[in-house]
Amino acid sequence: MRLLNAHLGLVFVFLYGPIAVLMVLSFNKAGLPTAWTGFSTEWYGALWADETIRSAALNTLIVAVFSTLIATALGTLLAIAVERGEGVHPALDALLFAPMIIPDIVLAIALLSFFTLVQFTLGLHSIILAHVVFNIAFVCAVVRTRLRGFDTSVLEASEDLGASPFQTFWRIRLPIILPGVIAGALLAFTLSVDEFIIAFFTAGAGASSTTLPMRIYSMIRFGVTPEINALATVVMLFAFTMVFAAQRFGRGVVGTP
Amino acid sequence: MTLRFDAVTRRFGTITAVDGVSLDVEEGTFFALLGPSGCGKTTLLRMAAGFEMPDEGRVIVAGEDVTARPPARRPVNMMFQSYALFPHMSVADNVAYGLKMERLPRSEIAARADAAMAMVGLEDLAGRRPDRLSGGQRQRVALARALVKRPKVLLLDEPLAALDRQLRLKMQLELKRIQDETGTTFLVVTHDQEEALVMADRIALMRGGRIEQTGTPRTLYEAPESRFVAAFIGITNFIDGHAATGGLAVAGRTLPGHRVNTAPGEAATLAVRPERVRLGGEGLSGTVREVVYHGGESAVHVAVDGLTDAIVAKLGAGDPQTAIEEGSAVTIGWDANDARILPHDTDADKGSPP
């Protein structure tokens, strides 16, 4: 037992040690990652003052918001369609999960080739579409777990009491699965915010469609600066918040009796 | 006629769940569809609600052919076996839901919902969510939610199956009271013959997608027209033999009984209820094999020469004959009017309750 606890401790150190170091160094006064010279928040200030980072953050936000909205709507409908009736063919099931498993680099190349083939202009809109592709799969998977064990007799009851199929969807089905939908949306948003490879491939040229991860990548080519540490800390805290929120909703605020 | 099934048939693949059933349910009756699982009673109910479409035949409610109408546009409402309460709504919102769908004025919705909740004793729970209610309370919400719509027919799918025995007995009488008060026609599906006997004005006993016999509880219990009905409702002694004038010929004797749908010489079964069998007097002689004490009554099992099964006689608690000892010789008999000679039917006991 003690050995197991020691093992668990090591795992946590291994996982979170580097992150802790990064967070501490983001408050380092000196511009070098090697020596601690005193506490300072100046790098957070520098971050805020940097116009290119601000516009990259805005781009990331635009991509995340729109790809999340589209993927949540489509993924939820897909989940409802798939969970209806007597289950789905295993092959279709595998296809639904594929975008989660396919290596990002493959998906990135495939999407770029496709956009080029159909002569689609590249920019923020193409990143949004590319993110929708894999986000649908994640939203669908999360909502499906919520739909399993869904007592369909409440839908029949709603119709029996005079509701149209449309009313039944908005007043009964959606509110009951809403925690799953929100959890799926939060997950999609988080994935979109820190996605690099696919955005990098489908962004096209120019700073106008540079997202935050792409900006960090270009900065890091000149070495790790405390500014990057500060940025990484901000991004990470944001991602953590989203994941905790998603878990909370995933557990379900509204229970079926 | 509030509800009429006109030769309705429903098939699922190769299985015919409901096979050409015609049935009339008169206004204001408490009508029970009774039968073993898989007999088609729930499918019939769901065709009245509109959740199943008949392959053949018509469903008529209050004189209107509703066969092609969706559930939302039928003047009937259903109480589901699982209750199907909306988990994200309070009791009051559950009850008011159907009225909101009718776009009634807000004041009327509130008044009718309050009245419906009062009728089932839910006034104090109006603000609760379904997951904070007991099984009995949920059942009342489901009932109020359906009744508030003032349906021409209220359809109830195994309404008491999810409750424990004590509560079930109480709710049987409660349902009957509410049906009396509202004057609504109730069509209830149940597999529990006792429930049907207690609650219903009329019962249709179903078997293999068809109706075996329709009648009052008393008719079905006292005058079954087939062995299946006699076996499904209550407890019956069966003696196999051949129909004869004045009774049933078996092992060289003629046992007294009243012939139903049988001609002399045909293979037949005599059915007699245990409470109609008397000990002593003129009749068959046998040996007491067992006396089973049930509290309010005792069952005396008597083995008779030439008959395969022991005949059971039911005695009340105050009957001095309950003191009879196992192994002693007795005579048993019954009035010819209390025994029915029914057509032979080997499958009749299948699917009957234990």
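## Helix packing, sheet and chain contact in a predicted model

Helix α4(A) crosses helix α6(A) in the left-handed sense. In chain A, α4 covers residues 90-101 and α6 covers residues 124-147; their axes approach within 8 Å and cross at roughly 120°. Because angles over 145 degrees count as roughly antiparallel and those of 65 to 115 as roughly perpendicular, α4(A) is described as oblique to α6(A). From α4(A), the residues A:Leu96, A:Phe97, A:Pro99 and A:Met100 take part in the contact, and they meet A:Val133, A:Phe134, A:Ala137, A:Phe138, A:Cys140 and A:Ala141 of α6(A). By class, the residues of this contact are ten nonpolar, no polar and no charged.

On the side of α2(B), the contact involves B:Val91, B:Asn94, B:Val95, B:Tyr97 and B:Gly98, while α4(B) contributes B:Val141, B:Ala144 and B:Arg145. These residues comprise five nonpolar, two polar and one charged.

The table sets out the two pairs.

| Helix pair | Axis distance | Crossing angle |
|---|---|---|
| α4(A) and α6(A) | within 8 Å | roughly 120° |

Four strands of chain B form an open sheet with antiparallel pairing, in the order β2-β1-β4-β5. The edges are held by β2 (15-25) and β5 (64-65) of chain B; each has a single partner strand, so one side of each is left without a neighbour in the sheet. Within this sheet, β1(B), residues 3-12, and β4(B), residues 56-61, run antiparallel and are joined by five bridges. B:Asp6 is placed opposite B:Arg58 of β4(B). Helix α1(B), residues 41-49, lies across β1, β2 and β4 of chain B and runs at about 115° to β1(B).

**A hairpin in chain B**

Strands β12(B), residues 247-250, and β13(B), residues 253-256, pair in the antiparallel sense over four bridges. B:Val250 faces B:Arg253 of β13(B) across this pairing. The two strands form a hairpin with two residues between them, and B:Ala251 in the turn has a positive phi of about 50°.

**Where the chains meet**

How many residues of chain B are in contact with chain A? In the model, 21 residues of chain B are in contact with 19 residues of chain A. On the side of chain B that touches chain A, the elements giving two or more residues are β6 (76-79) and α2 (91-101) of chain B. With three residues, α2(B) gives the most to that side. The residues on this side of chain B comprise 14 nonpolar, four polar and three charged.

**Confidence in chain A**

The average pLDDT of chain A is 84, and 94% of the residues score at least 70. Among the elements of chain A, helix α7(A), residues 153-160, has the highest mean pLDDT (94), whereas helix α11(A), residues 226-251, has the lowest (80). Over residues 252-257 of chain A the pLDDT is below 50, and this stretch has 15 contacts in the model beyond near neighbours in sequence.

Notes:
Residues numbered from 1 in each chain as written. Chains lettered and ligands numbered in written order. Predicted model: local features only at pLDDT ≥ 70, side-chain atom pairs only at ≥ 80, totals over all residues. pLDDT = per-residue confidence, 0-100. Contact = placed C-beta atoms within 7 Å. Nonpolar A, V, L, I, M, F, W, Y, C, P; charged D, E, K, R; others polar. Pairing = 2+ DSSP bridges. Axes fitted to C-alpha atoms, helices over the stretch in contact; angles between N-to-C directions. Parallel < 35°, antiparallel > 145°, perpendicular 65-115°, else oblique. Left-handed = near helix turned anticlockwise from the far one by under 90°.
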